[in-house]
Amino acid sequence: MRKPNLIGKLRAGLPAPIRSLFDQLIKLADSRGLPVYLVGGPLRDLLLDRPSLDLDIAVEGDAPTLARQLAESLSREDKAGSAHPEALVGRAGTTSEPRVVTHPAFLTATVRVPGFHLDLITARSETYARPGALPTVTPETIEDDLRRRDFTINALALRLNSPWRVEILDPAGGRADLEARLIRALHKRSFQDDATRILRAVQYASRFGFNVEPQTLRWLKRDLRYLRTISGTRLHHEFSRIFAESAPEEILHRLHDLGALAAIDPTLRFDPPQADAFTRLRPDGWRSGRQLNTTGARASYWPVLAWNLNEPQALDVSRRLAATKPQRKALAAMPALQRLAPNLAGPSLKRSAVAEPLASFPLPALWAFSALTDDPTVRERLLDYLTKARLERPHLTGDDLLALGLPSGPQLGEILRRLRNARLDGEATSREDEEHLARQNDAEGRDCGDVWVNEQFLALEFACFTCLRGETADPTGEPPVGRGH
Ligand code: CTP
């Protein structure tokens with residue numbers, strides 16, 4: 001029989017602890033006489049043979065109550081020692097109480113055990129007070145629940161407990177669209193109700209290699225302006241989902257071409273250099289040993305969005321997308337980096353002269369810029385800074401300097417800075433070199449008299465050093481005239 005096979009396939013794809021949780025849920029729903037269904041993405045993925053650890057379960061009944069009962073029965077059985085040995089064991093192998101988070105306004109709940117969560121929703125209908133508003137939900141049958149969904153391929157349900165129905169519930173022809181590889185909206189106002197579906201349509205099309213069905217595409221284009229009705233928080237969520245895809249640049253490129261990015265914010269665009277930068281930022285994007293991990297890559301996608309924007313525009317975009325504080329800082333840093341770039345391109349620039357100005361920039365912005373710049377020298381210097389120079393420290397620490405007899409105070413920090421620069425520039429390669437340099441700098445500092453010890457005169461201290469050593473500390477080459485004593 002087709003359905004038990006599908007359920008068997010679903011269970012077989014679940015790691016043992018999750019399978020055990022799933023079995024407990026079915027048992028509990030049976031004992032309460034509540035019909036439960038696998039719905040949406042996980043069923044779509046099962047039919048597409050794409051393994052998914054997500055479990056979205058719809059219940060014709062109160063989902064938050066069922067979720068609490070599930071957590072209680074798991075805890076009870078665990079305490080009595082009758083739970084499946086793996087039911088409460090997470091990826092890390094630690095046993096812990098399941099946690100339930102409920103969202104009463106949406107009649108949903110999430111049951112979390114370490115390393116996994118299960119989403120339980122009350123089968124419902126949704127109405128929208130105005131375009132873009134969050135829906136008002138009313139408990140309904142599973143058929144109604146499927147009708148309120150975004151695309152036919154997500155409007156599918158598989159009954160998980162008895163009495164089993166023979167077929168998958170498929171009121172909108174989702175299986176046929178899976179076969180035909182089409183993203184089809186359920187009704188003509190779908191994008192007006194919820195314009196995040198514009199982003200989701202392109203996202204699914206890219207992820208599965210599907211086409212947006214022609215009538216759906218016409219509705220999508222007609223309703224682009226409804227993207228204005230979507231809050232920053234919801235846009236942020238959708239962009240984060242897009243950034244988690246294997247090829248987010250494909251999606252953003254398509255959204256740009258459709259005019260969806262401009263509909264979100266008039267300055268938001270996605271040009272070919274930005275698409276190239278996304279591919280370079282991924283873990284397989286740079287030469288071996290220089291790549292970012294997945295988290296680092298995703299953090300660096302955000303500032304790529306600010307490429308070619310000025311500061312006010314970058315801030316507008318980060319506000320529109322409800323960027324987090326670190327994301328906002330990274331986006332806002334891009335125009336300044338663009339201005340700094342010519343200074344990083346000069347011939348025979350010392351490594352320290354690259355490292356010092358870069359130290360104040362957020363790392364995701366530097367990674368983004370390294371992937372965006374078309375100047376190979378700037379790119380190499382940025383990568384050298386990101387993967388090596390920024391991690392290099394002098395052999396000596398502040399404590400070592402004190403042990404050498406140097407006095408404590410702000411000059412110690414300055415000497416450490418000089419030691420670091422000397423190391424970066426190959427001027428001090430050993431501990432002995434650094435001790436020598438530290439003593440020499442200390443002696444020179446003492447000769448400079450009382451300006452040395454006053455933090456307020458730090459600028460004068462620099463000048464003092466540079467006067468005595470006959471060089472300039474300023475990478476621009478400006479002589480220290482008028483700044484010293
Ligand atoms: N949904 C919807 N309209 C939205 C968002 C979600 O109708 N704007 C419905 C879809 O039926 C979707 C389900 O809610 O399948 C769950 O949403 P989500 O978890 O975001 O989607 P998945 O299909 O599980 O997608 P993914 O595989 O990307 O997690």
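## Terms and model

Helices here are DSSP runs of H or I with at least four residues, numbered from the N terminus. This is a predicted model, in which local features need pLDDT of at least 70 and side-chain atom pairs count only at pLDDT 80 or more, while totals for chains, interfaces and linings use all residues. Residues are numbered from 1 along each chain as its sequence is written, and side-chain values use heavy atoms, with hydrogens and water left out.

## The shell around the ligand

The ligand is surrounded by 15 residues, each with a heavy atom within 4 Å of the ligand. Arg44, Arg149, Asp150, Asp194 and Arg207 are the closest. By class, the shell holds 10 charged residues, 4 polar and 1 nonpolar; Asp, Glu, Lys and Arg count as charged.

Two helices, α3 (41–47) and α8 (196–208), supply at least two shell residues each. The largest share comes from α8, with 5 residues.

## Position between domains

Domain 1 (5–173) and domain 2 (181–264) both contribute to the shell, so the ligand lies between them. The domain bounds come from an automatic or database domain assignment.

## Contacts and cover

Polar contacts are pairs of N or O atoms within 3.5 Å. A ligand oxygen lies 2.8 Å from a polar backbone atom of Asp150. A ligand nitrogen is 2.7 Å from a side-chain N or O atom of Asp194, and a ligand nitrogen is 3.5 Å from a side-chain N or O atom of Thr196. Of the 570 Å² of accessible area that the ligand has on its own, the protein covers 79% (Shrake-Rupley method, 1.4 Å probe).

Notes:
A polar contact is a pair of N or O atoms within 3.5 Å; within protein, one must be able to donate a hydrogen and the other to accept it, and residues adjacent in sequence count only if both atoms are side-chain atoms.
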